[in-house]
Amino acid sequence: MSLLKHVGTIGGLTMVSRVAGMAREMIFARVLGANAVTDAWFQAFIIPNVFRRLFAEGAFSAAFVPMFSKRLHGDGGIEDARSFSDDVLSVFLPVLIALCAVMMLAMPWVITLLGDGDGDPATFAMEVDFARIMFPYILLVSLVTLFTGMLNSVSRFAPGASFPILLNLVLIGALLFGEHAMSSWGWTIEQVGYSQAWAVTIGGMVQLLWLYVWTRVEGFRPKLLWPRITPEVKRLSIIALPAAIGGGAYQINTLVQLYFLNQLESGAISYMNYADRLNQLPLGIIGIALSTAILPTLSRFVGAKNKEGTDRIQSDAIELSMLLTIPAAVALAVCAVSFVTMIFQGGRFSLEQAELTGQVLGMLVLGLPAYVLVKVLVPNFYARSDTRTPVYAAFISLAVFVVMNFVLIADYGVVGVALASVVGAWINVAYLYIVLVKRGYYKIPLKLVGRIARQLVAAAAMGAALWFARDLLTGWYSAGLFQRIGALLALVACSAVVYFGVAFAIGAIDKQRIAALTKKREP
């Protein structure tokens with residue numbers, strides 16, 4: 001396996017989606033800023049996305065794709081696969097409609113449970129409206145996930161990889177329209193918020209239409225049948241349920257974070273969202289790409305009882321992830337306020353709001369190596385069909401997160417919520433690694449420990465250089481577009497030159513191992 005090639009391919013696709021999302025957030029910040037309306041919008045957007053990650057993209061996809069692919073490539077061929085997908089759709093769609101109806105009726109209670117039921121009645125009504133308008137997105141994107149799984153089974157990856165971009169384009173279009181409406185027709189920020197909420201559901205419709213057309217092109221032609229629970233549909237449900245429970249801790253963590261943020265001043269949810277958008281960029285490109293790339297190879301090595309191969313691929317993943325993540329975390333920590341100002345500040349997003357968001361980011365990225373290590377260590381359990389241990393680790397991390405919030409939130413506010421998240425992430429890593437060592441699955445070799453220590457030294461040198469370079473460019477961060485781009489490129493170039501220069505000089509990068517990773521290797 002060429003690990004770097006796989007990571008580059010997956011990471012490249014992820015980067016397109018992340019960059020499109022970043023562009024959307026940049027425009028969102030300038031048009032709407034950070035206030036009660038944006039808090040309400042982000043909260044409403046999170047609610048259907050929690051259900052999407054928990055059921056549609058997580059549990060359902062993990063169960064449906066192998067079953068569909070088995071039928072497609074089995075004796076029954078496309079007709080068997082088509083029949084199975086139609087049966088699933090006939091049950092899946094009514095369940096989704098019922099879920100949407102129940103959640104939309106119960107939305108006032110949901111918002112109250114999230115900790116924002118005692119505030120301004122007008123703001124509460126707006127939060128409920130936003131959430132009700134956006135919640136049907138879960139129905140639309142769940143069907144998108146179904147069609148994506150079907151297309152992936154015939155190696156048609158482009159439609160499924162591109163659909164997130166469509167939502168971002170619709171939202172960007174709605175934002176630009178909203179800015180025009182405010183300047184020309186006197187719309188309020190609240191009215192733009194409502195238009196942006198409707199844009200989410202409209203974007204979901206566009207995504208569904210895009211995937212439906214491609215499924216027709218591939219000859220699947222999905223049909224709506226009278227619901228019937230066949231043995232295969234029942235088996236799909238049985239497989240998906242444990243996966244949903246397994247992913248529950250992470251989604252509960254998101255909702256718990258909303259609860260604590262709702263206890264703070266207006267804008268807290270928005271500050272956390274903008275900061276997390278920058279934090280998620282390296283996490284998505286490095287962590288998710290690596291975890292996806294190494295799982296098949298780990299599974300083959302584990303199945304062949306090849307411990308040497310398993311240890312090697314796990315060490316390679318850790319080394320590569322830390323080589324890229326440590327400098328990203330240090331750069332984001334040192335230049336947090338500068339980056340936030342360059343990227344988000346402007347329009348209705350003030351310098352003061354950029355500074356507070358930068359403080360949140362500076363704290364949040366202290367956990368970035370931990371978030372990535374979780375993504376890199378979990379496949380070692382999945383390769384052994386052990387889905388319980390990552391769940392235990394996630395729930396322990398959640399418990400620590402809750403306790404730390406109660407301890408920190410009064411004194412540190414939204415920065416305290418970020419710190420609680422960081423502590424929880426490192427507890428998660430510690431638990432996973434201790435279990436790996438105790439069971440004899442994996443132990444970090446001393447040579448790798450030494451190389452990571454050198455990476456830290458190189459990152460420290462880079463951080464010192466950025467500390468001085470950052471202050472030299474202060475006037476550019478809130479200037480015009482080209483000055484901001486110039487400052488951003490200068491800081492990135494400074495980071496790359498110093499970090500990789502020092503890393504090569506002190507042996508933090510093993511040239512032979514990197515060369516080996518680029519070559520195709522059989523188990």
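## A walk through a helical protein

You'll find Asn 279 in helix 10 (residues 268–303). With 1% relative accessibility, Asn 279 counts as buried; that label means under 20% relative accessible area, while exposed means over 50% and partly exposed lies in between (1.4 Å probe, protein chains only).

Before going on, keep in mind that this is a predicted model, in which local features need pLDDT of at least 70 and side-chain atom pairs count only at pLDDT 80 or more, while totals for chains, interfaces and linings use all residues. Residues are numbered from 1 along each chain as its sequence is written, and side-chain values use heavy atoms, with hydrogens and water left out.

Now zoom out. The protein has 18 helices and zero strands; both are DSSP runs numbered from the N terminus, helices being H or I with at least four residues and strands E with at least two. Of the 523 residues in the protein, 52% are buried. Take the contacts with a separation of 6 or more: 83% of them are accounted for by residues 24 or more positions apart. The protein exposes about 22800 Å², and carbon and sulfur atoms supply 68% of that; the areas come from the Shrake-Rupley method with a 1.4 Å probe, and for residues only the protein chains shown count as cover.

Buried residues in helix 5 include Phe 124, Val 128 and Ile 133.

Next, the rings. A search of the whole structure finds 20 aromatic pairs. Rings of Phe, Tyr and Trp (its six-membered ring) pair if their centres lie within 6.5 Å; planes under 30 degrees apart are stacked, over 60 edge-to-face, and the rest tilted. Phe 147 and Tyr 212 make a tilted pair, 6.2 Å centre to centre with 50° between the planes. Phe 147 lies in helix 6 (residues 137–152) and Tyr 212 in helix 8 (residues 189–217), so this pair ties together parts that are 65 residues apart in sequence. Phe 147 is buried at 5% relative accessible area, whereas Tyr 212 is partly exposed at 30%.

In the pair of Trp 210 and Trp 214, the ring centres are 6.0 Å apart and the planes are at 75°, so the pair is edge-to-face. Both lie in helix 8, four residues apart, about one turn of the helix. There's also an aromatic cluster that includes Phe 28, Trp 41 and Tyr 274.

Rings meet charges too: the charged end of Arg 384 sits over the ring of Tyr 441, 3.9 Å from its centre. To count, NZ of Lys or CZ of Arg must be within 6 Å of the ring centre and within 35 degrees of the ring normal.

Key:
Contact = heavy atoms within 4.5 Å.
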